[in-house]
Amino acid sequence: KKRRVQLWKIKQFEAKLQSIIMAQGKFTMKPAKKSTGAQRRKTVLAKKKSTKGWKTHKAKGRKLVEYGVENATSKAINKKNEAIVSSKAIGNGSRFFLSDIKETGKKEMDKQNRSQSKRENKRNAKNMDNRLKAQIEKLGLKKK
């Protein structure tokens, strides 16, 4: 009986060795143990991550007013930047399939053209005025 038990143990040991030695064997190593820092980070992330509901907390009281002002300001800035960029793109000859962006771009381009022509007309008017005065002085028609 002892001999049988010994043979059985030897066969089991050989089977284990075969599974370790064979490349396609069933022997699999256990995954490496994670460090405590990695485990802690994982739990913190799991706690922070919300699964349902709003992803952010709604502001209350004074913060709500501040948030509203900030939000309105950033929206206005984004709208202005979008208009400027779309006007530049339309000026360069790009095509837009979104009609609202196309319209804002055209309006912004017209506004920029109007302001530029106003500035040029002011400069030209001043220069013209000075040139006319100089010519009148040359001709001697200036009233004394």
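Reply: Buried means under 20% relative accessible area, exposed means over 50%, and partly exposed lies in between (1.4 Å probe, protein chains only). This is a predicted model: local features need pLDDT of at least 70, side-chain atom pairs count only at pLDDT 80 or more, and totals for chains, interfaces and linings use all residues. Residues are numbered from 1 along each chain as its sequence is written, and side-chain values use heavy atoms, with hydrogens and water left out.

Me: Which residues are buried in α3?

Reply: Ala83, Ser86, Ser87, Ala89 and Ile90 are buried there. Helices are DSSP runs (H or I, at least four residues), numbered from the N terminus.

Me: What covers the buried residues of α3?

Reply: The cover includes α4, where contact means heavy atoms within 4.5 Å.

Me: At what angle do α3 and α4 pack?

Reply: Helix α3 (residues 62–91) and helix α4 (residues 99–139) pack at about 85°, and their axes are 7 Å apart. Axes are lines fitted to C-alpha atoms over the stretch in contact, and angles run from 0 to 180 degrees between N-to-C directions. α3 and α4 are therefore roughly perpendicular to each other, a term that covers 65 to 115 degrees.

Me: Turning to Glu82, where is it found?

Reply: Glu82 is found in helix α3. At 41% relative accessibility, Glu82 counts as partly exposed. Its C-alpha atom is separated by 8.2 Å from that of Gly105, 23 residues apart along the chain.

Me: And what follows α3?

Reply: Gly93 follows α3, with a positive phi near 100°.

How values were computed. Helix = DSSP H or I, 4+ residues; strand = E, 2+ residues; numbered from the N terminus. Parallel < 35°, antiparallel > 145°, perpendicular 65-115°, else oblique.
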